[in-house]
Structure formats: C-alpha cells, structure tokens
Amino acid sequence: MHLTKEEEKMLDGKEGYAVKKSMEILVALGDIYGAESLISVGSVQVAGVSYHNLGDAGLEYLNELARDGKVKVLTTLNPAGMDLEDWKKLGISEEFAEKQNLVIDAFRKMGIIISCTCTPYLIGSLPTYGEHVAWSESSAVTFANSIIGAKTNREGGPSALAAAFVGKTPSYGLHLEENRVPDAHVDVRVNLKKLSDWGALGYCIGKKAGNKIPYITGIKAADLDELKSFCASVVTYGSKPLFFMKGITPGSEKHQLPKEKIIIEDGDIKEAYESINDDVDAIDFVCVGCPHCSIKEVAEVARLLKNRRVSLNTEFWVATSRSMKQLADERGYTKIIEDAGGKVVCDTCMAVAPLKGRFKSVATTSAKGCYYSRHNDMKTKLGSLEKCIEVAVRGKWS
Amino acid sequence: MELKGRIIFKGVAEGEALTTSQPISFYGGVDPDTGVIIEKGHELEGKEVKGKILVFPNGKGSTVGSYTLYRMKKNDTAPVGIINKECETVVAVGVIISDIPCIDKIDISKIETGDIVKLENDMVRTRK
C-alpha cells in the first residue's frame with residue numbers, strides 16, 4: 001500500500017504510541033485486502049464498549065491507547081453494558097458498574113462522544129451520500145451503506161479506533177464502487193403491515209441471499225423505523241452489510257437488475273416468525289428498541305401504555321439513546337412509561353447488557369434482538385409494538 | 001524445510017506446532033483464561049494453544065475475537081506465533097494489538113502438529 005510522507009511518519013511513531021499502533025493495524029488490513037492507499041473518513045463509530053465483552057485485558061488495551069491517543073474525526077460510541085446514569089435500576093452489580101465506568105473514562109479521554117447508541121445517525125453523526133466513514137456496529141453499517149449511500153466496511157472495535165486516531169481507513173471492500181454492485185434480485189411480494197414484519201423480512205432475505213448483495217424490489221413505502229429494523233435484521237441473519245432497495249437507496253437506479261432472482265412471499269414471512277418464535281407463553285422480559293428507539297417510537301410506546309400497568313411478573317424496557325430520552329423527558333413520555341412500571345433504558349441494549357440467567361423469555365419487536373437473546377439462553381417471541389405492550393401488561397404471550 | 005509467506009505482524013517466535021485444517025473463532029471458541037479451544041466439535045477441542053505455534057487456515061466469527069487474543073496474551077495463555085493460509089481481519093487485528101508474530105500465505109498442509117517451527121519475519125522454518 002502506498003503511504004504519504006506524513007503517513008510514514010505516523011507509522012514510525014512521530015505522533016506517539018496510539019497513532020503508531022493504529023497505523024500498524026490500518027497498513028496490515030490494507031495489505032491483506034490489496035488497498036492502494038488510505039482515504040480520509042468523515043466519522044467513526046466504535047464498537048466493543050461493553051465490559052462484558054472486553055474484560056480486564058480489553059480495558060487495559062483501551063487505557064494504553066488513551067495515554068496519548070486523541071481522535072481526529074467525529075467519533076461516536078456503541079452501547080455499553082449498562083445505563084451509565086441509572087445502572088442500579090437494571091440490576092447491574094457494583095463491580096461491573098465500576099469496570100464499565102473505567103472503560104467509558106478511557107473513551108472519554110480519547111475525545112470520543114459518549115453517545116452509547118447503535119443509531120449514531122439519529123443523534124448527530126449523519127454521513128452524506130457517497131461519504132467514506134469507518135463504522136462498526138453491523139446495523140449502523142448497513143444503514144449507512146444502504147439507506148444513506150455512504151461507504152463503510154464493517155469495522156471491528158480496534159480497527160474503528162485506529163481509523164479515528166489516524167482519520168483514515170484503507171481503501172478496500174465497500175469503499176470501492178466495483179464492490180458495491182448488486183448480484184441477486186430479491187422481489188418482495190408481501191404486504192408488510194407492522195414493524196416486526198420488517199425484521200422477519202430481513203431474516204428471509206439474510207438467509208436466502210447469503211453472501212450476495214441484494215437488489216430489493218416490491219417495497220412500496222418504508223419509514224425510518226422500518227428501515228432501521230430491517231437493516232439490523234438482514235445483516236444479523238445474512239452477512240453483507242449492503243443492499244439496494246428500489247426507490248429508497250440513493251443511486252439504486254444506476255444498477256441493472258441482477259439475473260439471479262429470489263422471491264419472498266407470505267409463506268416465507270410466516271416461516272420466519274415460526275423459526276424465531278419459541279413455544280413459550282409466560283414472558284418475564286419485554287424489550288423494544290433494538291436498534292435503539294427513535295423519538296417517534298418512544299412516543300408510540302407512551303401512547304399505548306398510558307394509564308396502564310406493566311405486569312409485576314414482567315420487566316419492560318424501552319431502549320434508546322440518551323439524546324432521545326432527553327426529548328422524551330421534555331415531552332413527558334418518560335414519565336408515562338415509568339408511571340406504568342416500565343423503564344426507559346439508555347446507553348445499553350438487550351444485545352450487550354449482561355442478561356444471561358436473569359430472564360427466561362423475551363418478547364420484542366426486533367428479530368435481531370431475538371437472535372442475541374437466544375445467546376443469553378432466553379426463549380424468544382417476535383411481535384408488533386402493540387402486541388409487545390399487551391404482553392408487558394398481561395405478563396404472557398396469549 | 002523453509003516456507004516463505006507474508007508478514008502480518010513482524011517478529012521472531014519458536015515453538016511446537018499445533019495444526020488444524022479448520023478455521024478458529026477466538027471469541028467464544030477459545031477460553032481466554034486457560035488458552036484451551038472450547039468450540040464444540042472442533043478438531044482441536046480440548047487442546048491448549050498456550051506457547052504453541054498455532055497453525056490454521058483462517059479466523060472466523062465475531063470481531064470481538066481480536067480482543068480475546070489480546071486477553072490471552074495478557075493472561076499468558078496465547079500462542080507464541082500464528083501461521084495462517086489466509087489471514088482475515090479478526091486475527092490480523094488481534095495479533096497486531098497483542099504483539100504476536102504472524103505470517104500468512106503459507107501452505108499449512110506442510111506443517112504437522114508436533115513439528116518444531118520457527119517464525120522469523122516472512123520465513124517459516126520447520127523440523128521434525
């Protein structure tokens with residue numbers, strides 16, 4: 001890979017330890033994938049924030065970088081393992097909270113915005129069409145590539161941090177136009193009625209298109225929350241963090257329809273629900289907000305939950321970013337949800353909080369959430385927002 | 001025998017080879033506290049990687065695996081060197097942040113478990 005004089009200096013350690021280590025990572029990745037050069041990125045989203053996944057060694061690594069590392073571009077953070085302000089209400093141990101706070105301190109010292117959300121595009125890190133960014137968090141990567149038309153690979157925690165300290169990333173993979181060409185035509189012949197249907201559709205396309213880049217037709221209309229849910233699901237159950245959706249993805253009109261055709265019909269959606277839904281009725285955990293709720297979704301929860309009461313046998317979470325919660329506080333939505341016995345949970349989510357062993361079964365609007373909950377040994381139920389609220393109130397699915 | 005490859009992380013390391021033809025997932029597939037491979041059904045399941053030259057085709061699985069390698073290095077349970085057929089990002093980033101010498105583009109079928117292997121920059125030297 002060709003390096004400029006300035007980049008050579010960074011690799012030699014002239015800008016300190018964090019930049020040197022970062023350049024070593026970026027150069028190795030560039031060489032592995034045959035990148036010709038480094039390119040500037042407009043923003044970075046860093047994953048690997050939960051102490052649950054990092055452990056003491058990960059914390060130590062972050063502390064070493066934080067000694068002299070300062071980010072060069074707008075850098076935001078993925079969810080942590082707990083609500084940073086109100087972790088006690090989530091049943092988090094003192095010991096975990098202490099370690100998690102040390103992780104956050106290290107990121108803060110690096111100059112990173114402590115956003116702790118998987119939806120950076122909702123809280124002020126919104127790339128433009130064609131802009132190169134270096135994001136981790138697969139749902140956000142898919143959203144950036146496919147809904148906005150920005151360009152990013154699916155970064156891991158350390159490679160995203162490296163890009164932040166250098167302000168650049170090697171130009172390979174989805175940064176190059178030649179690799180952003182759809183190779184499977186997915187024709188959706190389904191009438192999608194509720195939010196969870198979009199997760200089920202993501203499951204179908206993820207499984208059927210596998211490692212292909214889908215060109216999706218047949219979607220008549222889609223709002224932000226539906227697209228956010230679809231992005232999370234399709235990449236969780238498939239692999240490539242890029243699709244083209246006719247009429248939605250900017251620039252999709254310049255591509256020809258791929259020859260390979262996959263058809264999604266009502267039966268496929270039904271099968272997705274059957275595969276995701278376990279045989280369980282008592283529900284002790286209901287969670288909406290995977291990806292984190294938009295303010296519109298929080299408002300909808302408050303409307304449905306007003307003057308009702310969450311079952312004493314059930315824990316109910318509305319997971320969102322702290323920025324959305326501030327808006328929800330101002331509108332009174334938080335109070336409505338809390339008065340009903342629910343919790344507006346910030347900075348964390350059902351995928352990264354240490355939930356193993358705490359709940360037996362979960363009902364959620366999120367197909368991605370079901371995938372990760374099974375890793376936490378929970379039985380899973382996927383349903384509409386209305387259904388999930390009913391379940392929270394009744395404490396059971398039926 | 002001498003084999004020439006591509007440097008992923010430069011350095012010198014020597015040890016006994018532990019070889020598999022199956023990809024390895026460090027996150028969830030290896031216990032960072034013991035250095036034992038725990039992936040169910042893996043041909044190295046139950047084997048300890050500590051102090052070995054670990055030879056496998058490529059990494060797989062979650063990007064958190066890079067941090068797992070780093071945890072192993074700090075816990076003194078990591079392999080002393082890694083040889084891959086085709087290194088991917090999880091292992092590449094893992095060896096760089098952990099300072100573990102690593103070479104790829106090697107015909108790993110030529111290295112057997114128990115061989116004494118020395119990594120030196122882009123060269124692999126093996127003896128029985």
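Visitor: What radius of gyration does chain A have, with its 398 residues?

Guide: The model is predicted: local features need pLDDT of at least 70, side-chain atom pairs count only at pLDDT 80 or more, and totals for chains, interfaces and linings use all residues. Residues are numbered from 1 along each chain as its sequence is written, while chains are lettered from A and ligands numbered from 1 in the order in which they are written. The radius is taken over C-alpha atoms, and the globule rule is 2.2 Å times the number of residues to the power 0.38. Because a compact globule with 398 residues would have a value near 21 Å, chain A agrees with the rule at 21 Å.

Visitor: Among contacts in chain B between residues at least 6 apart in sequence, what percentage join residues at least 24 apart?

Guide: Two residues are in contact if their C-beta atoms, placed from the backbone, lie within 7 Å. For chain B, the share joining residues at least 24 apart, among contacts between residues at least 6 apart, is 72%.

Visitor: In what order do the elements of chain B run from the N terminus?

Guide: Helices (H or I, at least four residues) and strands (E, at least two) are DSSP runs, numbered from the N terminus. Chain B has three helices and ten strands. Their order is β-β-β-α-β-β-β-α-β-α-β-β-β.
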